[in-house]
Every structure is written in structure tokens, then in C-alpha cells.
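Me: I would like to go through this model with you. Could we begin with the charged side chains?
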Amino acid sequence: MTETSAERGRRKERVGDVVSDKMNKTIVVRVKRRFRHPRFKKVVTAYSKFYAHDEKNEAKVGDRVRIQETRPLSKTKSWRLVEVVERTREVAKAA
């Protein structure tokens, strides 16, 4: 019996930037969150890092990606790559 993502219920989704792709089938995504501080009423920027499963090793450092919550895949990895929203511009490597 196959399930679609709609049948599994609402899962959290985040959009962030890939900061590391050195592991096999795993990327590290940094998600930015802006909110008003409850006491000081100043806008604060907070960052969180998530380890996400990238089955095809398609995301590279600098890419903007969408990740979705999933069951725990390892000790630290509980997210998976849904899509690459925006690719980073390729820089010509100096030889």
C-alpha cells in the first residue's frame, strides 16, 4: 500500500541554504527565522541547522532548498530534500 504525502498528514517544511554537502546522501541546511523579541520588541534573526537526506546527491553548497520533516533516518537526520528551489551560480574555477 503506497501513501502520498497528503495522506501522511501535514509535515513541517522549511526553506534554507545548503551549507555543507560533504557527506554521502546528506546535506546540512541553514534555515533563517526572523521574529520580534517578546520582551525587547526588536526584530531578531535566528538560524537553525538541519541535517537532510539527499538521495541523489543533487544539492550543492549555496543552493536554496526545500526540506520536509520525516521519520528519523539516523541519530541527527530527520528531514529529507523535497526540491532545489534555486541553484547557486556556477563560478568558473581558476586553473
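Reply: A salt bridge is a side-chain nitrogen of Lys or Arg within 4 Å of a carboxyl oxygen of Asp or Glu. Please note that this is a predicted model, in which local features need pLDDT of at least 70 and side-chain atom pairs count only at pLDDT 80 or more, while totals for chains, interfaces and linings use all residues. Residues are numbered from 1 along each chain as its sequence is written, and side-chain values use heavy atoms, with hydrogens and water left out.

Me: How many salt bridges does that rule give?
Reply: The count comes to 5 salt bridges. Glu13, Arg66 and Glu83 are linked in a network of them.

Me: How far apart are the closest N and O atoms of Arg66 and Glu13?
Reply: They are 3.5 Å apart. Arg66 lies in strand E4 and Glu13 in strand E1, so the pair ties together parts that are 53 residues apart in sequence. Strands (E, at least two residues) are DSSP runs, numbered from the N terminus.

Me: How do E1 and E4 pair?
Reply: E1 (residues 13-23) and E4 pair in the antiparallel sense over 5 bridges; two strands pair if DSSP finds at least two bridges between them. The bridge partner of Glu13 in E4 is Gln68.

Me: Now Asp63: buried or exposed?
Reply: Asp63 is buried, with a relative accessible area of 1%. Buried means under 20% relative accessible area, exposed over 50%, and partly exposed in between (1.4 Å probe, protein chains only).

Me: Which side chain meets Asp63 in a salt bridge?
Reply: That of Arg87 does, at 3.2 Å from N to O. Arg87 is in the segment after E5 and Asp63 in the loop between E3 and E4, 24 residues apart. Arg87 counts as partly exposed at 46% relative accessibility.

Me: Changing topic, which residues make up the largest nonpolar core?
Reply: The largest nonpolar core has 12 residues, including Val18, Phe50, Trp79 and Leu81. Such a core is a set of buried Ala, Val, Leu, Ile, Met, Phe, Trp, Tyr and Cys residues joined through side-chain atoms within 4.5 Å.

Me: And what does Val18 touch?
Reply: Leaving aside residues up to four places away in sequence, Val18 touches Ile27, Ala59 and Asp63, among others; contact means heavy atoms within 4.5 Å. The bridge partner of Val18 in E2 is Val29.

Me: What do E1 and E2 form?
Reply: They form a hairpin with 2 residues between them, and Lys25 in the turn has a positive phi of about 65 degrees. The side chain of Lys25 also meets that of Glu55 in a salt bridge (3.0 Å, N to O).

Notes
Helices (H or I, at least four residues) and strands (E, at least two) are DSSP runs, numbered from the N terminus.
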